[in-house]
Amino acid sequence: MNPSPFTYHRAGSVGEAIDLLREHEDAGVKLIAGGHSLLPVMKLRLAEPAHLIDIGGIAGLAGISAGTDGLTIGALTTHRALETDPAVARHAPLLAEMAAKVGDRQVRARGTIGGTVAHADPTADYPAGLLALGAEMVVQGPDGERTIPVAEFFVGFLTTALSPDEVVTAVRVPALPSLTGTSYQKLANQASGYAVVGVAAVVTLDAAGACADIRIGVTGAGDHATRAAAAEDALRGQSLTDEVIKAATDRADEGIDLLDDIHASADYRRRMVRGLARRAVLAAVERAGAK
Ligand SMILES: Cc1cc2nc3c(=O)[nH]c(=O)nc-3n(C[C@H](O)[C@H](O)[C@H](O)COP(=O)(O)OP(=O)(O)OC[C@H]3O[C@@H](n4cnc5c(N)ncnc54)[C@H](O)[C@@H]3O)c2cc1C
């Protein structure tokens, strides 16, 4: 199916994009970056914006920079760039691991991290990892710039804390402490590659090898990505034996209102969340110990 007719605008700067968002708010307006989430829903006529603002040519919105406090990833950075960038491999290997598992080559070449977080698909990969990494979103609106901690960003089905006249300009990922390991485990939908369930774990060990800190992010299970707080609490401060990890990750679905749809039943998702959380924590612990 073809999309409804729309007027195409090409923004030369973030400020211009914000002005256009405000100007056309009443008629229906959308930003477009890689187009790999927006165009499919426009073709299905689930979204019918009268105006499209292309932000793909805005200078300075793509690219990755590494500092002592972590990584700053421009909103237009593609999945492929995250998959292959040496600074990401060094400072946030979890993101490279996730990027490599997004869709297929074409999707990875066009899709952007800013588009992924703004779209907030409940089965997108990055939200789980960004929750586990404790990232923050840098956004710009008519009143200037603000940062939104990831824990406050994803609020519901395809819904974020962004205002309609705000643009995501970057994602900031803090530097990981030493003795930290990360892992992303995903059961992919065989047709699209989206996560039926995906679990990311970031584990920091203390000098004795016990769990100093842990964050577990879950995607695909509920209507938005979330932390597995009960499992985290059961692991923090503990010696990470197989039994302790199994008992804790059997609580990874606690607090998630599990989706039940054509892709998987709620009960299947529950078992996947628990099993993938266990695998993610085990792999992260092994990687933390290897450093
Ligand atoms: C076949 C297929 C398979 C896929 N498989 C996966 C997968 O396995 N895992 C996965 O996570 N994703 C998957 N995706 C989605 C893909 O990763 C998209 O690229 C991504 O979700 C959206 O990024 P985009 O740049 O294409 O955004 P767009 O489609 O351009 O935009 C998406 C939404 O975000 C808004 N937006 C875009 N950029 C910004 C910004 N900077 N600030 C504010 N709002 C913005 C747009 O207005 C729109 O509402 C798949 C897509 C396809 C078509």
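**Reading strands, helices and a ligand shell**

Tutor: Two strands pair if DSSP finds at least two bridges between them. Helices (H or I, at least four residues) and strands (E, at least two) are DSSP runs, numbered from the N terminus. This is a predicted model, where local features need pLDDT of at least 70 and side-chain atom pairs count only at pLDDT 80 or more, while totals for chains, interfaces and linings use all residues. Residues are numbered from 1 along each chain as its sequence is written, and side-chain values use heavy atoms, with hydrogens and water left out.

Student: Which residue is the bridge partner of Lys 30 in strand 3?

Tutor: That's Leu 52. The pair belongs with an open sheet of 3 strands, ordered 1-3-2 with parallel pairing. At its edges are strand 1 (7-10) and strand 2, each pairing on one side only. On average, neighbouring strands here are turned by 25° against each other, direction ignored.

Student: What lies across strand 1, strand 2 and strand 3?

Tutor: Helix 1 (residues 14-23) does, running at about 155° to strand 2. For such angles, axes are lines fitted to C-alpha atoms, for helices over the stretch in contact (heavy atoms within 4.5 Å). The angles run from 0 to 180 degrees between N-to-C directions.

Student: What is the strand order in the open sheet of 4 strands?

Tutor: The order is 11-12-13-14, with antiparallel pairing. Strand 11 (180-188) and strand 14 (226-227) each have a single partner strand, so one side of each is left without a neighbour in the sheet. Within the sheet, strand 12 (residues 195-205) and strand 13 (residues 211-219) pair over 8 bridges in the antiparallel sense. Thr 204, for example, has Asp 213 in strand 13 as its bridge partner.

Student: Which helices pack on that sheet?

Tutor: Helix 5 (residues 93-100) touches strand 11 and strand 12, and its direction makes about 15° with that of strand 11. Helix 12 (residues 266-289) touches strand 11, strand 12 and strand 13, at about 30° to the direction of strand 12.

Student: Now the ligand. How many residues surround the ligand?

Tutor: A residue counts as near if one of its heavy atoms lies within 4 Å. Here 31 residues surround the ligand, and the closest are Leu 31, Ser 37, Leu 38, Thr 112 and Asp 125. By class, that shell has 14 nonpolar, 13 polar and 4 charged residues. Ala, Val, Leu, Ile, Met, Phe, Trp, Tyr, Cys and Pro count as nonpolar, Asp, Glu, Lys and Arg as charged, and the others, Gly among them, as polar.

Student: Which element gives the largest share of the shell?

Tutor: Helix 7, with 4 residues.
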